[in-house]
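Hi,

Here is the structure I promised you. Have a look at it first, then read my notes below.

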Number of protein chains: 2
Amino acid sequence: MSEAAGAQPVTAALLVIGDEILSGRTKDKNIGHIAERLTEIGIDLKQVRVVPDEEDEIVSALNALRARYDYVFTTGGIGPTHDDITADAVAKAFGVPIDVDPRARAMLLEYIPEADLNAARLRMARIPEGSELIVNSVSKAPGFRIGNVHVMAGVPRIMHAMLEAIIPTLRTGTPMLSRTVLANAKEGDIATPLAEIARRFPDVIIGSYPFMSDDGPNTNLVVRSRSPERLALVGDLVEEMVAHRQGA
Amino acid sequence: MSEAAGAQPVTAALLVIGDEILSGRTKDKNIGHIAERLTEIGIDLKQVRVVPDEEDEIVSALNALRARYDYVFTTGGIGPTHDDITADAVAKAFGVPIDVDPRARAMLLEYIPEADLNAARLRMARIPEGSELIVNSVSKAPGFRIGNVHVMAGVPRIMHAMLEAIIPTLRTGTPMLSRTVLANAKEGDIATPLAEIARRFPDVIIGSYPFMSDDGPNTNLVVRSRSPERLALVGDLVEEMVAHRQGA
């Protein structure tokens, strides 16, 4: 697709780390939130992967994603327990040492009395060499950035705070704009004229999303473009198509 | 990890196809449901990927996953509109032709009057050569299985029906059992004795999942094993550790 003002889109991938998502025990709430916030600031989330708490899996997914996208975000696996292996896996992926970081230890001490800062809790201050810390305004134990990889907590409230701390540091693109037109029709009834519009405007993305309403099947048509003019033009055409069909 | 009765675990991956998940417009509800159902029947979901509605992305993700896991499940992209490209991408991944399948066309006619079976709707009967159809008890347009890949709809209600139709056909393993112990503690307070239990029983998986309760931070400890005996043994030890700590 062509880009408004010729700007390169900024791309990202998300790596969700955790057995509990893959077993279904915990229902992920982070993918949708991160997707929405990145879209708002003009970063295109291009891929999500969910992998188990296994070092080889984390390392290979991380290396595949960080080579391909401008940014990678990870969630999960940075707590104090034995199953929290994300920081070590990230260090391994980057081939750097990992040890207790004095800055991270100081952050923990803002929240945890020194007498309670046991060996397990100190695990949360283990940070791969060369990382910048990501402030955690909720419970202090920081995330970190190394290269183009941002490592965040899995607990949604903490992840939200970390993501907001990261966002001002990111290179962003022209946000993708969208306009939704309710079709008041089944997908199959508007598919042909919709495909014709999509064919005429290959630079504009048109998605069709069926859903079940109380009155039966219905469809949301979503037009997306980085150009407000193209969005208005094609959005109007889709609206006219829907209105014409209803008037017919 | 060792397996009860030496049985090989059955593995699976899930490929979620759709721009709307990556843009955050639609919040995925399928990952959690599929993860839960597969776990119940003894299939280990080992990876999830979310990719956009782009043929190359679907083909490469599908080929990577189907080579590595016993089963692959996909959701999304099998409707009648121009952005529904999953069936074509799957045919391309397998290197087989794709055309309107008479069995699939007959299924559509159970739901759609022949006069309404336009070219767009007939797209839903395009099935890669050599596939078996997956019955859709909700709206008839079928999914399909080719090789170890099961292609399902993205609309949750339809996906649920297709998954239930598929399940009796799958090879299943010994289900992973789990037992949850509420720690009534912050993760950092139980991390050391928990790690000690985990170290002693490497064949049993122990996860620690912090959460915010109304009374402050708390933690769920989840013990998982395919062996009821090992689950009972290690679950009891974790419970004793928690009780001992509370009594202390």
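Two strands pair if DSSP finds at least two bridges between them, and strands (E, at least two residues) and helices (H or I, at least four) are DSSP runs, numbered from the N terminus. This is a predicted model, where local features need pLDDT of at least 70 and side-chain atom pairs count only at pLDDT 80 or more, while totals for chains, interfaces and linings use all residues. Residues are numbered from 1 along each chain as its sequence is written, and chains are lettered from A and ligands numbered from 1 in the order in which they are written.

Start with chain B: it has an open sheet of three strands in the order 9-11-10, with antiparallel pairing. Strand 9 (177–182) and strand 10 (205–213) of chain B are the edge strands, as each pairs on one side only. Strands 9 and 11 (residues 216–225) of chain B are joined by six bridges, and B:Val181 has B:Leu221 as its bridge partner in strand 11.

Now for where the chains meet. 50 residues of chain A are in contact (C-beta atoms, placed from the backbone, within 7 Å) with 50 residues of chain B. Strand 10 of chain A gives the most to chain A's side, with eight residues. Strand 2 of chain A also pairs with strand 2 (residues 43–51) of chain B, antiparallel, over three bridges. There, A:Arg49 stands opposite B:Arg49.

Cheers

Conventions. Contact = placed C-beta atoms within 7 Å.
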